[in-house]
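Here are a few friendly notes to read alongside the model.

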Amino acid sequence: MINLLLGLLLHYANRRPSILYKTEFYAVKTKLLQKRGIRTGTSFQHIKKECYRCDHGMYFSHQWAMYEPCWVCSGTGVYEEFWTELANYRLGRYSFHIPIERYYRQPDFNTEPIEGYIRHKAPKYYVANECCYWLFLLYDRPTFVKLFIKSTSMSVPFRNIRTPLVFIHTLIVAWRESRLRSNEEEGLPF
Ligand SMILES: [Zn+2]
């Protein structure tokens with residue numbers, strides 16, 4: 001039962017981890033999956049970033065009025081290419097991946113790699129943030145406290161909020177920002 005609930009929280013939080021404390025979120029994700037998840041295997045992800053500076057490795061030099069090999073990608077047309085080994089986990093009803101290692105040469109793998117980044121569709125009403133806050137509350141208390149006591153940059157429109165922690169957080173941030181503003185105004189000499 002508890003795993004079902006944690007899987008659900010992680011699934012939604014993972015859809016669009018809070019812009020604040022991304023590193024901390026991924027640390028919680030790893031910790032939670034290693035502790036409660038079931039390891040289901042290994043996958044590979046293939047990332048290939050095209051070079052933005054040239055056209056298939058050739059670049060038009062205005063100085064010489066001719067094409068020459070691109071110096072950014074050494075004429076390959078590929079800015080960066082790597083393979084990431086992923087540990088697959090299952091928690092509750094959902095599957096998750098944790099990166100283990102990055103390879104710059106194609107490793108031996110016996111499954112088809114996942115091409116490109118895995119894109120997630122963000123849920124509505126800041127549900128991702130809500131789930132992320134709960135995970136911090138359960139598994140990373142210092143970050144939870146930092147988020148609620150110190151952060152000022154994550155205010156969202158009140159009309160779009162449907163969940164308790166995002167509501168409280170937004171209220172605290174709005175209150176702190178209004179206090180900062182009134183302090184600034186008091187400091188003016190005229
Ligand atoms: Zn290039």
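1. The buried residues of α2 are E24, F25, V28, K29, L32 and L33. Buried here is 20 or more other C-beta atoms within 10 Å of the residue's own, exposed is 12 or fewer, and partly exposed is in between, with C-beta atoms placed from the backbone. Helices (H or I, at least four residues) and strands (E, at least two) are DSSP runs, numbered from the N terminus.

2. Seen down the axis of α2, these buried residues fall within an arc of 165 degrees, so they line one face of the helix; the arc is that of the directions from the helix axis to the C-beta atoms. The face turned away from the buried side carries the exposed T23 and Q34.

3. A word on provenance: this is a predicted model, in which local features need pLDDT of at least 70 and side-chain atom pairs count only at pLDDT 80 or more, while totals for chains, interfaces and linings use all residues. Residues are numbered from 1 along each chain as its sequence is written.

4. What do the buried residues of α2 pack against? Their partners are α1, β4, β5 (94-103), α3 and α4, taking contact as C-beta atoms, placed from the backbone, within 7 Å. From α1 (2-15), L10 touches K29 and L32, among others, not counting residues up to four places away in sequence.

5. Do look at β5 too: of its ten residues, the number buried is one, so β5 lies largely in the open. Nine bridges join β5 to β4, and the two run antiparallel; strands pair if DSSP finds at least two bridges between them.

Methods
Two residues are in contact if their C-beta atoms, placed from the backbone, lie within 7 Å.
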